[in-house]
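Here are my comments on the model, as numbered points. Please read them with the coordinates open.

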Amino acid sequence: MIRSSRGLAAGLAGLGLIAVLAVAAPLIWGGDAAHLSGAAREGASGEHWLGTDALGRDVLARTLAATRLTLVMTLAATAIAGTAGILLGTAVWVSGRRVREAGLRLIDVMVSYPAVILALAVAAILGAGTAAAVVAIGVAWSPAFARLTANLAASVAGRDFVAAARLLGVPPHRILVRHLLPNIAEPLLVLLSVAFAGTLTALSGLSFIGLGVQAPSYDWGALLNTGLDALYTNPAEALGPAVAITLTGVLASFVGDGLAAGADPHRIGISGRLKKAPAPVAAPAAALDDEALLTVDGLRVSAGGVDLVDGVSFTVRPGEIVGVVGESGSGKSLTAMAVARLLPDTVTADARTLRLDDLDLLAGAAPDRLATEIGVVYQDPAASFNPALRIGGQLTEVLRRHRGLDRKAARARAAEALESVRITRPAARLRQHPHELSGGMRQRAMIASALLTGPRLLVADEPTTALDVTVQAEILDLLREANRRGGTAMLFISHDIGVIASLCHRVLVMYAGRIVEELPVEDLAAGRARHPYTRALLDATPRVDAAAEDALTTIPGRPPAPADRPAGCAFASRCALVMPQCAEVLPAAIPVGAGHRAACHVLDQHAADTSTAEETAS
Ligand code: SF4
């Protein structure tokens, strides 16, 4: 959802007036624009406010009448750039690995050339003229759209709801249309408005140097060209088209900046449909914990009538780090995003309780409190920061909007935050764009951004997955420090049980949309995990202290698609301990130690055997 702002409103209103002018001006001033008054190159006067051109035609009337052709050309070039770029970006994403890598390299090369240079090359091939100029500029701007589309699609493609759609057997083109494009529409919209300003300037430039619109047609660039001849005798002749180009470009920039700020991708936006569960859902209610900061009870997330997360219940205490681990498609990220109220629009969620202290997250929680009390760190910092905005603008936005700080105070606070995550020269970094920072530095900046408002809960969705091992260790250190220093509670998502064990206090193991085991990290470290799936995950994790002959095992098979989840245990088809009742009866979570619960029939059996032995002995 994009929020409105004064800049956005002013930009849209201004562009609206220019659009009206484009329709009306040729009808009203078309005659004056073509009338040969016989008074060539006259200066500004009461009759001709901007003077006349070399043939005695009124410059102001011609500037106004040129609005239509200029706008039509700009819109056409922007449409070509957007359509070609988005098609190229999506084609790259749906291609095989080799074609995708080659396509991405090609796009990178095209992006590295300034758009105007690329446009000149295309225009030189196509020849001078209006259509050629429009195509040249459209082609020149398309790599920017292609790269943004490919990057965003790759990032969204890693999310759990896309993995679940794949597991459901949804074909790639439907995943693209239903799941990817709706989730990347906002940044593309922002780029469209930026591209509009860019194509306007570039088209005017081509006409100015004689490669664009040819006489007798004229746009603002062509008028600027003729005005240049009279720059010393009647400077007002160049003033009209120059002001028109500048004003329209600035208004389009207002729209772009307004859309970018309103679409702030790393917080604030509340999407997805989250509601109170109308009836009891699958899992039993979580044991009430009076000290809980976050209470999730009976959370269910569905897409197309299929439950991707099925009745998940857990709590997080103040200052506690709770890890959620599981394979792709286990529902761990959807659970985290439901807590942060950042679910994609394509899924719905309900729960008996979803509460952060006294804040009811099911009741359309106050956006201000939500934005300041929950911080989110995403997996891919390249896609979480808006590529079109400087780091400073993105970090200060939340402080200005939700903490009421002025620009100077917000920048000082943002610089401090960058310093606290060990980013050198923080003031200079604030002036940089996300692509100028390394991957590790971007992730540290994302952590700084998430902690800026002093949130009580940090939701970290696979924050180390996209990073190399040394940077991973740095990020984990930073999160530990934030937890130790500020007492920030965390919900930490990862598919790597080793990372979870090194950071968290308590661990939730998810499989096929359900929590199958919940245990303190001490039990995990001491090899006291009880569920066969948790044990299989541990056996499949490389260990530095492993003996050479200890072979690394893998978990055979794949998790079932959410639509094909069996009535009983979803792990049954992969479990070495499977028993006859496993496929039919859903195992309930039972206590197996202090703060330790697991859902497995083997444990039921063990508990029954133990109790029989005790009864016999007594
Ligand atoms: S319930 Fe059965 S299939 Fe499931 S983990 Fe336990 S033993 Fe394995």
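1. Which helix holds Phe 196? Phe 196 sits in helix H7, residues 172-208. Helices (H or I, at least four residues) and strands (E, at least two) are DSSP runs, numbered from the N terminus. Phe 196 is buried, with 26 other C-beta atoms within 10 Å. The burial scale reads as follows: buried means 20 or more other C-beta atoms within 10 Å of a residue's own, exposed means 12 or fewer, and partly exposed is in between, with C-beta atoms placed from the backbone. Phe 196 and Ala 77 are 119 residues apart in sequence, yet 8.2 Å apart in space, C-alpha to C-alpha.

2. A word on provenance. This is a predicted model: local features need pLDDT of at least 70, side-chain atom pairs count only at pLDDT 80 or more, and totals for chains, interfaces and linings use all residues. Residues are numbered from 1 along each chain as its sequence is written.

3. Helix H2 covers residues 59-94. At 1.5 Å a residue, its 36 residues should span 52 Å, and the end C-alpha atoms are 51 Å apart, which agrees. The expected span is 1.5 Å times one less than the number of residues. H2 has a kink of about 35°, centred on Thr 67. The bend there is the angle between axes fitted to the seven residues ending at that residue and the seven starting there. Of the 36 residues in H2, 26 are buried, so the helix is mostly covered.

4. Pro 216 deserves a look. Pro 216 lies in the loop between H7 and helix H8 (220-229).

5. Strands E2 (residues 294-303) and E3 pair in the antiparallel sense over eight bridges. Two strands pair if DSSP finds at least two bridges between them. Ala 303 stands opposite Val 306 in E3. The hairpin has two residues between the strands, and Gly 304 takes a positive phi near 55°. Ten of the eleven residues of E3 (residues 306-316) are buried, so this strand is largely enclosed by the rest of the structure.

6. Next, the open sheet. It has eight strands in the order E8-E9-E10-E4-E11-E12-E14-E13, with mixed pairing. E8 (374-377) and E13 (589-593) stand at the edges, each with a single partner strand, so one side of each is left without a neighbour in the sheet. The twist averages 20° from one strand to the next. Within this sheet, E11 (residues 506-511) and E12 (residues 514-520) pair in the antiparallel sense over six bridges. Val 507 stands opposite Leu 519 in E12.

7. Two arginines need a backbone check. Arg 422 has a positive phi of about 65° although it is not a glycine. Arg 425 has a positive phi of about 45°, and it is not a glycine either. Arg 422 lies in the loop between helix H14 (407-420) and helix H15 (426-430), and Arg 425 is in the loop between H14 and H15. Arg 422 is partly exposed, with 14 other C-beta atoms within 10 Å. Arg 425 counts as exposed, with 12 C-beta neighbours inside 10 Å.

8. Finally, the ligand. Of the 13 residues around it, Cys 569, Ala 572, Cys 575, Cys 582 and Cys 600 come nearest. A residue is near if its C-beta atom, placed from the backbone, lies within 6 Å of the molecule. By class, the shell has twelve nonpolar, one polar and no charged residues.

Technical notes: Ala, Val, Leu, Ile, Met, Phe, Trp, Tyr, Cys and Pro count as nonpolar, Asp, Glu, Lys and Arg as charged, and the others, Gly among them, as polar. Axes are lines fitted to C-alpha atoms, for helices over the stretch in contact, and angles run from 0 to 180 degrees between N-to-C directions.
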